[in-house]
Amino acid sequence: AAPPHGVTMVSLKLQKRLAAAVLKCGKNKVWLDPNEANEISMANSRQNIRKLVKDGFVIRKPTVIHSRDRTRKMHKAKALGRHEGYGKRRGTREARLPTKLLWMRRMRVLRKMLAKYRDSKKIDRNMYHDMYLKVKGNVFKNKRVLMEAVHKAKSERLREKTIADQFEARRTKNAAARARKIARREERLNLGISVEEQAKAAAAQ
């Protein structure tokens, strides 16, 4: 406000600068009591300004509050799906949530799951590699499907191993039986030859 006619305003530029330094704030945050302008103008040192602050002639203005209450309420409402209709949308569907971003999220989730399975020895490195390539090839749409595929592959491998073990055991058993049969045949042949020799020896005598 302009001073009354015939009254000269005292310049308090120095005092405002010193007060800002003392109060550790900007010059705009400093309030100087207009009724004590003459006394404030006499203060030309930081010590004097501190005294004025103590007396309440120089004050640091309070911080202007910028409330976030309305913003928080709006965010809560948006989390429930409000204010998200066709009329509020500015970008295309792809711009608002890119398919590439969805793909990256899915890849990261599935790959992390595979790595966790491998580290905990649930799957070996060969199955890990096989499943990794299938994940990259868009075979699994989520963790549940991948988990089911892993369990199915493991049970299939176990079944194949069991069948292979049974086949091997049968082959070993058959080989042993064949060997015993050949041994018995040779034994009988040898026995028959020895009986014939004894008979010939008896006839010669």
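Visitor: Which residues does Phe140 touch, not counting residues up to four places away in sequence?

Guide: In this predicted model, Phe140 touches Arg106, Leu110, Met131, Lys134, Val135, Val145, Leu146 and Ala149. Phe140 itself lies in the loop between α7 and α8.

Visitor: Why is Phe140 called buried?

Guide: Its relative accessible area is 4%. Buried means under 20%, so Phe140 counts as buried.

Visitor: And what about Lys141, buried or exposed?

Guide: Lys141 is also placed in the loop between α7 and α8. Its relative accessible area is 58%, and exposed means over 50%, so Lys141 is called exposed.

Visitor: Let's turn to α7. How do you know what span is expected for helix α7?

Guide: The rule is 1.5 Å times one less than the number of residues. Helix α7 covers residues 125–136, which is 12 residues, and the expected value is 16 Å. From first C-alpha to last, α7 reaches 16 Å, close to that expectation.

Visitor: Which residues of α7 are buried?

Guide: Met127, Tyr128, Met131 and Val135 are. They cover an arc of only 100° around the axis, which puts them on the same side of α7. As a general point, an α-helix has 3.6 residues a turn, so residues three or four places apart point the same way.

Visitor: What do the buried residues of α7 pack against?

Guide: They pack against α6 (99–119) and α8 (143–204). On the face of α7 turned away from the buried side you will find the exposed residues Arg125 and Lys136.

Visitor: Which residue just after α7 takes a positive phi?

Guide: That is Asn138, with a phi of about 65°. Lys121, in the loop between α6 and α7, has a positive phi of about 65° although it is not a glycine.

Visitor: What makes Lys121 count as exposed?

Guide: Lys121 has 70% relative accessibility.

Visitor: Why does His83 count as partly exposed?

Guide: His83 has 38% relative accessibility. Buried would need under 20% and exposed over 50%, so His83, in between, counts as partly exposed. His83 is found in the loop between α4 (69–79) and α5 (93–96), and has a positive phi of about 55° although it is not a glycine.

Visitor: What makes α1 roughly perpendicular to α3?

Guide: The axes of α1 and α3 (residues 46–55) come within 9 Å and cross at roughly 75°. Angles of 65 to 115 degrees count as roughly perpendicular, so that name applies to α1 and α3. The contact is made by Gln15, Leu18, Ala19, Ala21, Val22 and Leu23 of α1 and Arg46, Ile49, Arg50 and Val53 of α3. By class, this contact has 7 nonpolar, 1 polar and 2 charged residues.

Visitor: How do you know that Gln15 is buried?

Guide: Gln15, found in helix α1 (residues 13–23), has 4% relative accessibility. With buried meaning under 20%, Gln15 therefore counts as buried. Leaving out residues up to four places away in sequence, Gln15 touches Ile40, Ser41, Ala43 and Ile49.

Definitions and conventions: Residues numbered from 1 in each chain as written. Predicted model: local features only at pLDDT ≥ 70, side-chain atom pairs only at ≥ 80, totals over all residues. Heavy atoms only, no water. Helix = DSSP H or I, 4+ residues; strand = E, 2+ residues; numbered from the N terminus. Buried < 20%, exposed > 50% of the residue type's maximum accessible area, 1.4 Å probe, protein only. Arc of directions from axis to C-beta. Contact = heavy atoms within 4.5 Å. Axes fitted to C-alpha atoms, helices over the stretch in contact; angles between N-to-C directions. Parallel < 35°, antiparallel > 145°, perpendicular 65-115°, else oblique. Nonpolar A, V, L, I, M, F, W, Y, C, P; charged D, E, K, R; others polar.
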